[in-house]
Amino acid sequence: HPRQDELQTLHGELVAPRDCGAAVASFSAVLAREPGLVLAERALRGRIGCRLRQGSAAAAADLRLYLERHPDGPLADEARQRLGR
């Protein structure tokens, strides 16, 4: 489906408040397909939020990836703070 990445990102955003496991799975599937810049940023930001709420060690790797790919993105300052940069 041509809008699969957009719909799956939206699904992750909608379920994240109540089911981070399902949201992380949606965001990860989108990121695995290397979507466009806007969807990649949204999916990565969503996955970071869930992983932080879950206390997952993978959150730090995602924060570093976020800064690498989106150094001026909306989450960049918080990512730097969380990583102690």
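Predicted model: local features only at pLDDT ≥ 70, side-chain atom pairs only at ≥ 80, totals over all residues.

Trainee: What makes H1 roughly parallel to H3?
Mentor: Helices are DSSP runs of H or I with at least four residues, numbered from the N terminus. The axes of helix H1 (residues 4–15) and H3 come within 10 Å and cross at roughly 25 degrees. Axes are lines fitted to C-alpha atoms, for helices over the stretch in contact, and angles run from 0 to 180 degrees between N-to-C directions. Angles under 35 degrees count as roughly parallel, over 145 as roughly antiparallel, 65 to 115 as roughly perpendicular and the rest as oblique. So H1 is roughly parallel to H3.

Trainee: Which residues make the contact of H1 and H3?
Mentor: H1 brings Asp5, Glu6, Thr9, Leu10 and Glu13, and H3 brings Leu39, Arg42 and Ala43. Contact means heavy atoms within 4.5 Å. Divided by class, these residues are three nonpolar, one polar and four charged. Here Ala, Val, Leu, Ile, Met, Phe, Trp, Tyr, Cys and Pro count as nonpolar, Asp, Glu, Lys and Arg as charged, and the others, Gly among them, as polar.

Trainee: Why are H3 and H4 called roughly antiparallel?
Mentor: Their axes come within 9 Å and cross at roughly 155 degrees. H3 and H4 are therefore roughly antiparallel to each other. Among the residues that meet are Leu44, Ile48 and Arg51 in H3, and Ala58, Asp62 and Tyr66 in H4. The contact of H3 with H4 has eight nonpolar, no polar and five charged residues.

Trainee: Why are H4 and H5 called oblique?
Mentor: The axes of helix H4 (residues 58–69) and helix H5 (residues 76–83) cross at roughly 135 degrees and come within 9 Å. H4 and H5 are therefore oblique to each other. Their contact is made by Ala60, Leu63, Arg64, Tyr66 and Leu67 of H4 with Ala76, Ala79, Arg80, Arg82 and Leu83 of H5.

Trainee: Is Arg51 buried or exposed, and how do you know?
Mentor: Buried means under 20% relative accessible area, exposed over 50%, and partly exposed in between (1.4 Å probe, protein chains only). Arg51 has 16% relative accessibility, so Arg51 counts as buried. Arg51 lies in helix H3, and beyond its neighbours within four places in sequence, its contacts are Val24, Ser28, Ser56, Ala58, Ala59 and Asp62.

Trainee: How do you know whether Asp62 is buried or exposed?
Mentor: Asp62 sits in helix H4. Its relative accessibility is 3%, so Asp62 counts as buried. Setting aside neighbours within four places in sequence, Asp62 is in contact with Leu44, Arg47, Ile48 and Arg51.

Trainee: What makes Arg53 exposed?
Mentor: Arg53 is another residue to look at in helix H3 (residues 37–54). With 55% relative accessibility, Arg53 counts as exposed. Not counting residues up to four places away in sequence, Arg53 touches Ala16, Pro17 and Cys20. The C-alpha atoms of Arg53 and Cys20 are separated by 8.2 Å, and the two residues are 33 apart along the chain.

Trainee: What is the phi of Glu34?
Mentor: Glu34 has a positive phi of about 50 degrees, although it is not a glycine. Most residues other than glycine have a negative phi. Glu34 belongs to the loop between H2 and H3, and its relative accessible area of 68% makes Glu34 exposed.

Trainee: What makes a group of residues a nonpolar core?
Mentor: A nonpolar core is a set of buried Ala, Val, Leu, Ile, Met, Phe, Trp, Tyr and Cys residues joined through side-chain atoms within 4.5 Å. The largest one here has 19 residues, and those with the most contacts inside it are Ala23, Leu31, Ala43, Leu44, Ile48, Cys50 and Tyr66. Helix H2 (20–32), H3, H4 and H5 each give two or more residues to this core. H2 supplies the largest share, six residues.

Trainee: How do you know that Leu31 is buried?
Mentor: Leu31 is at 14% relative accessibility, so it counts as buried. Leu31 is found in helix H2, and touches Ala40, Ala43, Leu44 and Arg47, not counting residues up to four places away in sequence.

Note on methods. Residues numbered from 1 in each chain as written. Heavy atoms only, no water.
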